[in-house]
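Q: Hey, I'm new to this one. Can you walk me through it?
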Amino acid sequence: MTQSMRDSILMIEENSKKYIDQHIEVNRLFSLVDSQLEHFYNFQNKHVGKVRDIFILNDYVIIVTTDRQSAFNRIITSIPFKGQVLNMTSKWWFDATKHLVPNHLISCPHPNVTIAKKCKIFPIEFIMRGYLTGSTDTSIWTHYKNGERIYCGHTLPDGLIKNCKLESNLLTPTTKDDHDVPISKDEIISKGIMSEKDFQICSQYAHKLFEFGVEESAKKGLILVDTKYEFGKDKFGNILLVDEIQTPDSTRFWIKNSYQDRFSKNLEPENIDKDFFRKWFLNICDPYNDAIIPHPPPEIINELSRKYIILYEIITGKNFDFSISSNSDSIKSALKDFLRKNNINPLQIV
Ligand SMILES: Nc1ncnc2c1ncn2[C@@H]1O[C@H](COP(=O)(O)OP(=O)(O)OP(=O)(O)O)[C@@H](O)[C@H]1O
Ligand SMILES: [Mg+2]
């Protein structure tokens, strides 16, 4: 990364402190925890994920990305503007990659909302990795450190060091269950989870998206370390990229210009992520087992919100738009306009 890129990341961080804090302070009390759209329309179904509320409407899905923050397999709190950051970051990547891989996006009538083509989702997470890293039980580094040399069907050489660049980008799928388990291409096909043809297409798509993401992130001074994609089939049988793409939640980013130096000194790479947030809990409680865990203080919540916003600004090169609020009423009214303009008529309740 050139000095000017480093400067521009610092500048975004510096500027953000000045103007982001006041918005966060005001909005902390109004984070979007539950979209409540079911009180507005007779949707066919509501699915509540960890972060998103999904409503089915004929051939569409209405995906509301909320501000819910999950970690340690539980919902911890809500982070102002996070839903908008995730949704608008995905929109940016969906638009930037649609010439490479078809995706589900139809429109974002509100910064928290995506209207998408309803798909049948393959029960596999397509994880792409450029580096030997990670800390969870299922991560490639944990397996390697424990002596395993075959990971998701790939053979890894001896002598690799944590955080080193892999010889080539690897697709390391996991199942999409409560506890995601690494799985190889052969198992996916032999267990009948996906056909060979479908897997082949998704695998090519995942590689293309990752290569594009790596290049684009490098221009912004970031290393795209690893990420996960989901694919599904629309009603015509087309395979589409769905869910989210290269958001701060689904992706690990490192700072490019300090990577080599720190790697050679055996230091962890610099990143802009939520490690500090996890550490805050790990220092004062056992968040995996305690029934009740403390609520983080405002400064911790603000800091995480700021980090999400900074990543949005670096990736998209745009200033974050604070003007549209994330409350349920503003979402309802944007959705109503969209549905009316597009002659989509769900049974309206209110
Ligand atoms: N186009 C689509 N059609 C149908 N379902 C979709 C589509 N895009 C995304 N989804 C689904 O919407 C859900 C997103 O919600 P969220 O990210 O909160 O889930 P989650 O708790 O992370 O669970 P998951 O592990 O299933 O992603 C996912 O289950 C995803 O598979
Ligand atoms: Mg998800």
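Q: Is Phe81 buried or exposed?
A: Phe81 counts as buried because it has 28 C-beta neighbours inside 10 Å. The cut-offs: 20 or more other C-beta atoms within 10 Å of its own is buried, 12 or fewer is exposed, and in between is partly exposed, with C-beta atoms placed from the backbone. By the way, this is a predicted model, where local features need pLDDT of at least 70, side-chain atom pairs count only at pLDDT 80 or more, and totals for chains, interfaces and linings use all residues. Residues are numbered from 1 along each chain as its sequence is written, and chains are lettered from A and ligands numbered from 1 in the order in which they are written.

Q: Where is Phe81 found?
A: Phe81 is in the loop between strand S5 (74-78) and helix H2 (82-97). Helices (H or I, at least four residues) and strands (E, at least two) are DSSP runs, numbered from the N terminus.

Q: Switching to H5, which residues are buried there?
A: In H5, the buried ones are Phe199, Cys202, Tyr205, Ala206, Leu209, Phe210, Gly213 and Ser217.

Q: And what comes just after H5?
A: Gly221, with a positive phi of about 85°.

Q: How many helices and strands does the protein have?
A: The protein has 9 helices and 16 strands.

Q: What share of the residues is buried?
A: Of the protein's 350 residues, 37% count as buried.

Q: What box do the C-alpha atoms fill?
A: Roughly 65 × 50 × 45 Å, taken along the principal axes.
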